[in-house]
Amino acid sequence: MRRMLEVAADAGSSAAAAAANGAVDWWRDVNESPVWQDRIFHVLAALYGFVSAIALVQLIRIECRVPEYGWTTQKVFHFLNFLVNGVRSIVFVLRRNVQLIHPEILQHVLLDMPGLAFFTTYALLVLFWAEIYYQARAMSTDGLRPTFYWINAVIYAIQIILWMVLWWKPVRVMIILSKMFFAGVSLFAAFGFLLYGGRLFLMLQRFPVESKGRRKKLQEVGYVTTICFTCFLIRCVMMCLNAFDKAADLDVLNHPILNFFYYLLVEIVPSALVLFILRKLPPKRGITQYHPIH
């Protein structure tokens, strides 16, 4: 009986090991297959193109609804979504050609710049919420927009300096520093959503229950805050892994599965969900919720 149990245990261990090896072999075969690489990158391109088209359609609908208000925060947010996702789509269509570009620093620019633009896009949403929160509490909003511009200018300036140094001296430590900087930017964005999304959510909770639109706006802020905080936090963690672990490198062709799930979780799904949640068109009259971009 004991011998039979030992044989059964050995057979189970062998089967588990075989299954694990099979999974590893499948993962490796897909990663190293040019056909699968192209398929996965083209799927990413199609998904980005779809999100970009949704943002463009929504931008056109808003412009047709309230053309007299110019470039409001809402319009700029949708335009940047269209731009970021559109550029990502083109990059993934040409992903194999991008990998052949020289000097190599141009590859980093093409792959990283849309990520910075994604940060700006959703930082604009944080700014919008901060303005609503400050206005509701009768606080001055004069310093919010200059702060938003300065933060973005500093972030882009630092990133450009890192690219230039990396071009001048392409050493491993500079690549790590650039990726860690991007991780820090993502963590900063996550904190911004938690701070101002949380403040606005708590403020809306204190409004009377019978307030018009309170419940829907409360859900909108809660959902968007959770989605954006989560996606930027995941990006931060992945950038840290990407910096120090070669197996988590996102800038190479032979990690298509990792690329697929990374971009799906940190950009495509969050963008699609936020655009769906914020799909409501603005009212034709009343400009209290609009803030033209000057």
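Trp 71, Phe 79, Leu 83 and Val 87 form a nonpolar surface patch with about 350 Å² of accessible area together. Accessible areas come from the Shrake-Rupley method with a 1.4 Å probe, and for residues only the protein chains shown count as cover. The model is predicted: local features need pLDDT of at least 70, side-chain atom pairs count only at pLDDT 80 or more, and totals for chains, interfaces and linings use all residues. Residues are numbered from 1 along each chain as its sequence is written, and side-chain values use heavy atoms, with hydrogens and water left out.

**Exercise 1. Check the exposure of Trp 71, Phe 79 and Leu 83 against the patch rule.**

Step 1. Patches are made of residues with over 30% relative accessible area and no salt bridge; nonpolar side chains (Val, Leu, Ile, Met, Phe, Trp, Tyr) are joined within 5 Å, like charges within 9 Å. A salt bridge is a side-chain nitrogen of Lys or Arg within 4 Å of a carboxyl oxygen of Asp or Glu.

Step 2. The relative accessible area is 46% for Trp 71, 32% for Phe 79 and 40% for Leu 83.

Step 3. Trp 71 is partly exposed, as are Phe 79 and Leu 83 (buried means under 20% relative accessible area, exposed over 50%, partly exposed in between; 1.4 Å probe, protein chains only).

**Exercise 2. Classify the ring pair of Trp 71 and Phe 79, then that of Phe 148 and Tyr 149.**

Step 1. Rings of Phe, Tyr and Trp (its six-membered ring) pair if their centres lie within 6.5 Å; planes under 30 degrees apart count as stacked, over 60 as edge-to-face and the rest as tilted. The whole structure holds 16 aromatic pairs.

Step 2. For Trp 71 and Phe 79 the centres are 5.7 Å apart and the planes stand at 70°, an edge-to-face pair.

Step 3. Phe 148 and Tyr 149 have ring centres 5.6 Å apart and planes at 65°, so this pair is edge-to-face. Phe 148 is buried at 12% relative accessibility, whereas Tyr 149 is partly exposed at 37%.

**Exercise 3. Find the charged ends that sit over the rings of Trp 36 and Phe 276.**

Step 1. A charge sits over a ring if NZ of Lys or CZ of Arg is within 6 Å of the ring centre and within 35 degrees of the ring normal.

Step 2. Arg 39 places its charged end over Trp 36, 5.0 Å from the ring centre.
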